[in-house]
Amino acid sequence: MAADTTHATGAAEEYLDSPTLHVSGGDWDDLVDEATSLHEERIVVNMGPQHPSTHGVLRLILELDGETVTETRAGIGYLHTGIEKNMEFRTWVQGVTFCTRMDYLTPMFQEAAYCLAIEKLLGITDQIPQRASDIRVLMMELTRISSHLVCLGTGGMEMGATTVMTVGFRERERVFRIIEEVTGLRMNNAFIRPGGVAQDVSQRAIDLIREMVPEIRRGIRELELLVNENPIVKGRMVDVGILDLTGCMALGITGPVLRSAGLPHDLRKATPYCGYETYDFEVITRESMDAYGRLRVRLDEMYQSLRIVEQATDRLEASLGQPIMVADKKIAWPAQLSVGTDGMGNSLDHIREIMGTSMESLIHHFKIVTEGFRVPPGQVYVAVESAKGELGCHLVSDGGTRPYRAHFRDPSFNNLQATAIMCEGSQVADVIVAVASIDPVMGGVDR
Amino acid sequence: MTDLTQAQSTGGNPVGEALDTPGEPIVIGERRGMFGATAGQDTSGYGGLVVPIAFPGASARPYGGWFDAFVDTLAAGLEAEGTAYGDAVQMVVVDRGEITVHVAREHLPVVARVLRDEPALRFEICAGVSGVHYPGLSGQELHAVYPFLSITNGSKRIRVEVSAPDADPHIPSIVAIYPANTWHERETWDMFGIIFDGHPALTRILMPDDWPGHPQRKDYPLGGIPVEYKGATVPPADERRAFN
């Protein structure tokens, strides 16, 4: 490799003298036999980037000695979409549409972190209506449940337990029915907006939540009965992917992985936002430091999230009709969005006003919609507890209508660094379990 | 129960008397015209208006809240390590309830070590590094921003900011002190071209290995999308009509 280049690795041709085996499916024993016949002691296996168990497009480079993993490296970047750069060329409000697509299993958390950061930059944090904060909490907790369900479901499927997957995804659809009723979309909602939320939670949505929550609770219970004491699950997960508290601290690990090492660190309790300090819930921990502990943490966290969902629903029922957007119309959307029977639409009254009666309203509407609002120069860092750990948003404004710099500290990106320490010295089959226990989503990792 | 609005406005940081005391602002550039429209599109008659873009500048004591005690502890810790506080810390900015310590780049590792090891500070987690490119700040175009979190001391947050000139984009790596920053520094190298000296393997992480340039820099050329419609193309995002 030439010394003056910045390439991470040499071109593939440089290694042509060493034998290469191409494997796609088939029996692992056949591969091992074939590799042994080559008398090569060091085997490098490329797992991914499109392996079904890599949660997207994660590439794992494993060095094997027989069945034992001696070295693990994670290759990422296959899903880099330049979202942060794109956000610099869109208005502050449009940025929500971009960041919601980062970690596509936890859209509400990116939206919340981004909007809380904008509101802090604007200095309007204390003007956000209580009902808007309650709706945000409701949506974030529903998203936490759906994210954990996918984590457990796909994690189970990767171990061959397809029923765990079908139960997980079935319950996730129930959560999505609520989210769709409230936001109009299942994923990529762009629902939480600077200053509040895009749309109110109707009585119909509240009734649906009341109907769904017991069913989701029953589904999680079913999942628990299926996995908690299942000898195969325990055989695959207990003492696999071990990362102790020291390791977590050194690698900056947050979220369920950290809590599975026994530290009750949760930003919802430590630095409450959106009024989390007024909700009654517990931080779940386990002492086992392994994949099984993380499974149990996630299962128990879903029950806690359901508790918060119920409390938020009670509050929303009591505060029906109260504002969901900041009063300042320069920041809020000029009209309350209302969805018609076609699932689209805007406030008819507002359209009548700007098109029929007031030229000035039309001008204001046009300017706010096309140009957006300006944010005073400065920078903030706001972190929320996403389903995967600390999701931070570093926003810099230069006083314009767009972010000067938007950076997301994605928990998966940071936590994925623990792959090597969790996998090295273990069996190949344990790599899948260990990676699944981190719960990385490459959309968030690569952004 | 803590006051909701207080917790929201400060990110959990306790509110003191003077949490918003920026001094002389730092001008990073200027904005022309009334509506931010690029030349020729501003028909408001205010096209000649020039407004400086002023970032919050160095704050004067008292900073308010626990910030004074924090800076004192940091200063004492630095002195114990044989580094003068005035050499290491260029300025302290308190803005919007958050504290930013601007550190001279050669002293970043010792500051990070004091932040981690000093019992009264104990910032266990460095939540990565975020680059910012200010082409208008001559001699300190590239900034690296490190958010720190101390779980031990009540989830306090601070921020350390380090700058480097475009001509010499070197900043010492803190991977030896905060191993969690391995990938974050690689990302900032990848996106901004900041070379973190001492990083064990500073290679690209998100872009392909042979990618030319560093995409998040403000001078990185953006591509237009050629659309076959009567010979027209869609211009790059930074050349389109915009109001910024």
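**Close-up views of a predicted two-chain model**

In strand E8 of chain B, B:Arg159 is the bridge partner of B:Thr100. The legends below describe this pairing and other local features of a model that is predicted.

**View 1. Strand E8(B) and the strands that pair with it.** E4(B) and E8(B) run parallel and are joined by four bridges, whereas the pairing of E7(B) with E8(B) is antiparallel and extends over nine bridges. E7(B) and E8(B) form a hairpin in which five residues lie between the two strands, and B:Gly154 in the turn has a positive phi of about 70°. Eight of the nine residues of E8(B) are buried, and the strand is described accordingly as mostly covered.

**View 2. The buried face of helix H4 in chain B.** Helix H4 of chain B spans residues 108-117, and its buried residues are B:Leu108, B:Val111, B:Ala112, B:Val114 and B:Leu115. Seen down the axis of H4(B), these buried residues fall within an arc of 160°, so they line one face of the helix. The elements of chain B against which they pack include helix H2 (67-80) and helix H3 (85-88), together with the strands E4 (98-103), E7 (142-150), E8 (156-164) and E9 (170-172).

View 3. Three strands of chain A form an open sheet in the order E6-E7-E8, with antiparallel pairing. E6 and E8 of chain A are the edge strands, each of them pairing on one side only, and the twist from one strand to the next averages 15°. Nine bridges connect E6(A) and E7(A) in the antiparallel sense, and A:His394 in E7(A) is the bridge partner of A:Tyr381. H4(A) packs on this sheet and touches E6, E7 and E8 of chain A, its direction making about 150° with that of E6(A).

**View 4. Helices H4 and H5 of chain A.** Helix H4 (residues 107-122) and helix H5 (residues 130-158) of chain A pack at an angle of about 145°, and their axes are 8 Å apart. On the side of H4(A), the residues that meet H5(A) are A:Pro107, A:Met108, A:Phe109 and A:Ala112, while H5(A) contributes A:Arg136, A:Met139, A:Met140 and A:Thr143. Taken together, the residues of this contact divide into six nonpolar, one polar and one charged.

**View 5. The surroundings of A:Ile135.** A:Ile135 lies in helix H5 of chain A, and A:Ile135 counts as buried because 28 C-beta neighbours lie inside 10 Å, where 20 or more are needed. Apart from its neighbours within four places in sequence, A:Ile135 is in contact with A:Val197, A:Val201, A:Leu316 and A:Ile324. The C-alpha atoms of A:Ile135 and A:Thr313 are separated by 8.5 Å, although these residues are 178 residues apart along the chain. For chain A, residues 24 or more positions apart account for 69% of the contacts with a separation of 6 or more, and buried residues make up 51% of its 447 residues.

View 6. Most residues other than glycine have a negative phi, and most peptide bonds are trans. A:Asp439, which is not a glycine, has a positive phi of about 60°; A:Asp439 lies in the loop between helix H17 (428-438) and helix H18 (442-446) of chain A, and counts as buried because it has 28 C-beta neighbours inside 10 Å. B:Arg122 also is a residue other than glycine with a positive phi, near 50°, and is found in the loop between H4 and strand E5 (125-126) of chain B. With 14 C-beta neighbours inside 10 Å, B:Arg122 counts as partly exposed. The peptide bond from B:Arg61 to B:Pro62 is cis, with omega near -5°, and B:Pro62 is placed in the loop between strand E2 (50-55) and H2 of chain B.

**View 7. The side of chain A that touches chain B.** Contacts between the two chains involve 50 residues of chain A and 51 residues of chain B. On chain A, the elements that each supply at least two residues to this side are helix H2 (83-87), H4, helix H9 (245-250), strand E6 (378-386), strand E7 (389-397), strand E8 (405-409) and helix H15 (411-415). The residues on the side of chain A that touches chain B divide into 16 nonpolar, 22 polar and 12 charged.

Key. Residues are numbered from 1 along each chain as its sequence is written. Chains are lettered from A and ligands numbered from 1 in the order in which they are written. This is a predicted model: local features need pLDDT of at least 70, side-chain atom pairs count only at pLDDT 80 or more; totals for chains, interfaces and linings use all residues. Axes are lines fitted to C-alpha atoms, for helices over the stretch in contact, and angles run from 0 to 180 degrees between N-to-C directions. Two residues are in contact if their C-beta atoms, placed from the backbone, lie within 7 Å. Ala, Val, Leu, Ile, Met, Phe, Trp, Tyr, Cys and Pro count as nonpolar, Asp, Glu, Lys and Arg as charged, and the others, Gly among them, as polar. A residue is buried if 20 or more other C-beta atoms lie within 10 Å of its own, exposed if 12 or fewer, and partly exposed in between; C-beta atoms are placed from the backbone. The arc is that of the directions from the helix axis to the C-beta atoms. Two strands pair if DSSP finds at least two bridges between them.
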